[in-house]
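I opened my notebook to see what I could look up in this structure. Come along and follow my entries.

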Amino acid sequence: MLNQKTYGYVAAAASLLVPGAAVFVWRHALWPLVLFLIWAVAAALIAGMLERRACKRDTDRARERAWRDAVKSRQDLVDTLSHHRHDWMNELQILYGYLRMQKIDKAIAVVDRIKEEMERDSRISRLGSPELSAYLLSFRTFCDTMRLDARVSEGLHGACVADVGAERVARIAIGIVNAYRLRAAAATAEENKLSVTFGDAEDGLRIDAAFVGDWSAWSSLREDVSRTLDEAAQLEAPAADDPEAGARRLTVIIASQS
């Protein structure tokens with residue numbers, strides 16, 4: 001469908017038929033030629049004005065979209081920080097309670113748990129894909145049907161993800177998590193939990209996913225995950241000796257395309 005700018009160009013070009021016809025009819029007179037030149041200049045000026053208006057309108061729309069995206073990103077960041085602050089406050093209150101009761105062993109266990117969680121988040125942030133790191137760290141802010149336990153193996157580093165392709169890894173990993181998320185039923189007595197581990201594989205990256213909890217429509221899970229893969233990524237077959245557990249688990253090997 002033609003937009004307003006295109007209509008303006010067409011109208012300006014079509015209007016030249018009028019002085020053009022005059023030049024054809026009075027081909028031996030000078031004034032039709034002068035009229036044609038003046039008309040052409042005026043049409044060009046009008047077309048330029050329409051172009052500037054269209055560019056300004058497009059710029060304003062792009063600026064508005066960028067502003068909305070920036071506001072949403074800031075809100076997501078605020079929500080993520082708020083959840084982390086809430087978690088740390090809970091841990092500190094537990095730690096403070098154990099210290100007041102002089103239960104040193106339990107206090108040390110809390111400190112070790114805090115240290116482990118901080119190390120886990122640090123490895124996620126250094127995964128090598130800002131898009132994927134932001135998704136994993138902020139997952140709790142937009143999903144309330146399951147808990148995500150994402151972990152990065154100690155031997156995995158950002159250079160490995162960069163070799164495989166940060167955008168590929170983000171697209172495939174987010175696709176895997178979303179496939180589980182869309183099938184996770186509302187939590188009842190049992191908490192829905194998805195564990196995702198990123199680790200090294202031979203000439204690539206390995207992603208292991210395992211779900212515990214209530215789910216639905218699992219028959220098409222592997223098909224949906226397969227759609228996010230490319231020719232250099234492979235979805236491993238489930239364990240034949242445990243069909244129920246196999247339906248809950250996925251392993252994807254993402255090979256380097258270099």
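**Entries on charged pairs and a nonpolar patch**

I began with helix H9 (residues 221–227), where Asp224 and Arg227 both lie, three residues apart, or about one turn of the helix. They form a salt bridge, and their closest N and O atoms are 2.2 Å apart. Asp224 is partly exposed at 26% relative accessibility, while Arg227 is exposed at 63%. I noted that the model is a predicted one.

Next I stepped back to the whole protein. I found 10 helices and five strands, and 31% of its 258 residues are buried.

How many salt bridges does the structure hold? I found 14. Glu91 pairs with Arg113, with 2.8 Å between the closest N and O atoms. Is Glu91 buried or exposed? Glu91 is buried, because its relative accessible area is 10% and buried means under 20%.

Then I looked up Glu191, which forms a salt bridge with Arg147 at 3.0 Å between the closest N and O atoms. Glu191 sits in the loop between helix H8 (166–183) and strand E2 (193–201), and Arg147 in strand E1 (residues 147–152), 44 residues away.

My last entry is a nonpolar surface patch of about 560 Å², made by Phe24, Val25, Trp26, Trp31 and Leu35. Helix H2 (17–25) and helix H3 (31–100) are the elements that each give two or more residues to the patch. Val25, in helix H2, is exposed, with a relative accessible area of 53%.

Technical notes: Residues numbered from 1 in each chain as written. Predicted model: local features only at pLDDT ≥ 70, side-chain atom pairs only at ≥ 80, totals over all residues. Heavy atoms only, no water. Helix = DSSP H or I, 4+ residues; strand = E, 2+ residues; numbered from the N terminus. Buried < 20%, exposed > 50% of the residue type's maximum accessible area, 1.4 Å probe, protein only. Patch = residues over 30% accessible without salt bridge, like charges linked within 9 Å, V, L, I, M, F, W, Y side chains within 5 Å. Areas by Shrake-Rupley, 256 points an atom, 1.4 Å probe, with all protein chains shown as cover. Salt bridge = Lys/Arg side-chain N within 4 Å of Asp/Glu carboxyl O.
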